Amino acid sequence: DLPVEALNGETVDQLVWRVLGRASPAVERVLAANPQIADAGQFLALGQRVVIPASARRTATAPMTQLWS
């Protein structure tokens, strides 16, 4: 797991985008790993520690579409 400190007024979505460069489903995994975040409100406090779980850092594999057979 990777602990990250939030910037002042940052949302969870923004933090995940800043650290990982993508959003869903990583945001949902970060929220699941940090259940206390939802109780704090929409914006994170400066320096608030947020754990980015290893499962959120993995890249999702998009299904392949074959155009020609």
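1. Basis of the note. Because the model is predicted, local features need pLDDT of at least 70 and side-chain atom pairs count only at pLDDT 80 or more, whereas totals for chains, interfaces and linings use all residues. Residues are numbered from 1 along each chain as its sequence is written, and side-chain values use heavy atoms, with hydrogens and water left out.

2. Overall fold. The protein chain has 3 helices and 2 strands, where helices (H or I, at least four residues) and strands (E, at least two) are DSSP runs numbered from the N terminus. Along the sequence these elements follow the pattern β-α-α-β-α. Of the 69 residues in the protein chain, 28% are buried, a class that means under 20% relative accessible area, with exposed meaning over 50% and partly exposed in between (1.4 Å probe, protein chains only). Among contacts (heavy atoms within 4.5 Å) between residues at least 6 apart in sequence, 62% join residues at least 24 apart.

3. Helix 1 against helix 2. Two packed helices are described by the angle between their axes and the distance between the axes. Here helix 1 (residues 12-20) and helix 2 (residues 26-33) pack at an angle of about 115°, and their axes are 10 Å apart; the axes are lines fitted to C-alpha atoms, for helices over the stretch in contact, and angles run from 0 to 180 degrees between N-to-C directions. Helix 1 and helix 2 are therefore roughly perpendicular to each other, given that angles under 35 degrees count as roughly parallel, over 145 as roughly antiparallel, 65 to 115 as roughly perpendicular and the rest as oblique. The crossing of helix 1 past helix 2 is right-handed, the term for a near helix turned clockwise from the far one by less than a right angle, with anticlockwise giving left-handed.

4. Residues of that contact. From helix 1, Val12, Asp13, Val16 and Leu20 meet Ala26, Val27, Val30 and Leu31 of helix 2. By class, the residues of this contact divide into 7 nonpolar, no polar and 1 charged, where Ala, Val, Leu, Ile, Met, Phe, Trp, Tyr, Cys and Pro count as nonpolar, Asp, Glu, Lys and Arg as charged, and the others, Gly among them, as polar.

5. Asn34. This residue lies in the loop between helix 2 and strand 2 (49-52), and Asn34 counts as buried because its relative accessibility is 3%. The side chain of Asn34 reaches the backbone oxygen of Val30 at 2.8 Å, a polar contact in the sense of a pair of N or O atoms within 3.5 Å, for which, within protein, one atom must be able to donate a hydrogen and the other to accept it, and residues adjacent in sequence count only if both atoms are side-chain atoms. When residues up to four places away in sequence are not counted, Asn34 touches Val50 and Val51.

6. Glu10 is found in the loop between strand 1 (2-5) and helix 1, and with a relative accessible area of 6% Glu10 is buried. Not counting residues up to four places away in sequence, Glu10 touches Leu15, Arg18, Gln42, Phe43 and Leu44. Gly9 has its place in the loop between strand 1 and helix 1, but Gly9 counts as partly exposed at 32% relative accessibility. With residues up to four places away in sequence again not counted, Gly9 touches Gln14, Phe43 and Leu44, while the C-alpha atoms of Gly9 and Gln42, 33 residues apart along the chain, are separated by 8.7 Å.

7. Arg22 lies in the loop between helix 1 and helix 2 and is partly exposed, with a relative accessible area of 23%. A polar atom of the Arg22 side chain lies 2.9 Å from the backbone oxygen of Ala56, and a polar atom of that side chain lies 2.8 Å from the backbone oxygen of Arg57. The C-alpha atoms of Arg22 and Arg57 are separated by 9.5 Å, at 35 residues apart along the chain. Gly21 is found in the loop between helix 1 and helix 2 and counts as partly exposed at 40% relative accessibility.

8. Pro3. Pro3 is found in strand 1 and, at 42% relative accessibility, counts as partly exposed. Leaving aside its neighbours within four places in sequence, Pro3 is in contact with Arg49, Val50 and Val51.
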